[in-house]
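Work through the exercises below with the sequence and the model at hand. Each task is followed by a solution in steps.

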Amino acid sequence: MVGTAFGASGAFHFGFKKSVGGQLPSINEEGFKDIVMKHGAIFLGNTEQKELYLTFDNGYENGFTSQVLDVLKEKQVPAVFFVTGHYVKDQPDLVKRMAAEGHLVGNHSWSHPDMTQLSAEQIRSELEKVKEGVTALTGQPMMSYLRPPRGIFNDNVLAVSKDSGYTNVFWSVAYKDWDVNSQKGPSYAYEQVMKQLHPGAVILLHTVSKDNAGALGAIIEEAKKQGYVFKSLDQMETKTYGTER
């Protein structure tokens, strides 16, 4: 993956050098590491501990989130679900279930825009509408985590959202799972995640993926066998940013 600056807004699309053979992933070459660190955004947890963080992006529902929630409940594993305004309006019962079963509900913006093209006021409005919608459904007033739509960000987006009380959450394990027309089976999803696994990993999965829903149980079981512990973002005590140089 490559993170590249583009446009007059100095925008970046989050990318990273993937983990291979248990080595840590890297954001040393993408040009945005200092910005991510300055604003305390999340890329990795504690890389000295075998801890994992499951994060799901929920832009729209494709029929698999209930299955994902079933697996998480069975395996007693916490996660965070980043929801859009469309999801809040379209799937209120699933949002309620996420919160009721102890998962975090995070902000993925109201309309999924490129937030680097918005004013500070527009960014705050995008975030506040999601927060209000989720609070109305779940009764939970707090919303602490944000995943910028499509991973596009710049210094201003991170600064404004941080000032609004959010920690931006990126990721250190991911694969091309969002294309619903290019699903390759649960075994493929399992292999793509497991070969990247590393201490402190923040795993990005999309719930529109049938493959992810089918592989999640096996991913959790094998990770636990390898000594990993799944934690909630609220339990993250240490943020790291890979090899310093």
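**Exercise 1. The cavity**

How much space lies in the largest cavity? Then state which residues line the largest cavity and which strands supply them.

Solution. The model is predicted.

Step 1. The largest cavity holds about 30 Å³ of space. With a cut-off of 30 Å³ or more, the count is one cavity.

Step 2. Its lining consists of Tyr 53, Leu 54, Thr 55, Ala 79, Val 80, Leu 104, Lys 231, Ser 232 and Leu 233.

Step 3. Strands β3 (51–58) and β4 (79–83) each give at least two residues to this lining. The largest share, three residues, is from β3.

Step 4. Sorted by class, the lining has six nonpolar residues, two polar and one charged.

**Exercise 2. A helix pair**

Describe how helix α7 (residues 186–194) and helix α8 (residues 210–225) cross, and list the residues that meet.

Solution. 

Step 1. Two packed helices are described by the angle between their axes and by the distance between those axes.

Step 2. The axes of α7 and α8 come within 8 Å and cross at roughly 45°.

Step 3. The crossing of α7 and α8 is right-handed.

Step 4. On the α7 side, the contact residues are Pro 186, Ala 189, Tyr 190, Val 193 and Met 194. On the α8 side, they are Asp 211, Asn 212, Gly 214, Ala 215, Ala 218, Ile 219, Glu 222 and Ala 223.

Step 5. By class, this contact of α7 with α8 comprises nine nonpolar, two polar and two charged residues.

Methods
Residues numbered from 1 in each chain as written. Predicted model: local features only at pLDDT ≥ 70, side-chain atom pairs only at ≥ 80, totals over all residues. Heavy atoms only, no water. Axes fitted to C-alpha atoms, helices over the stretch in contact; angles between N-to-C directions. Helix = DSSP H or I, 4+ residues; strand = E, 2+ residues; numbered from the N terminus. Left-handed = near helix turned anticlockwise from the far one by under 90°. Contact = heavy atoms within 4.5 Å. Nonpolar A, V, L, I, M, F, W, Y, C, P; charged D, E, K, R; others polar. 1 Å grid on protein atoms, 1.4 Å probe; cavity = no way out; pocket = protein on both sides within 12 Å on 5 of 7 lines; lining within 4 Å. Points joined across faces, edges and corners; volume = space filled by probe spheres on them.
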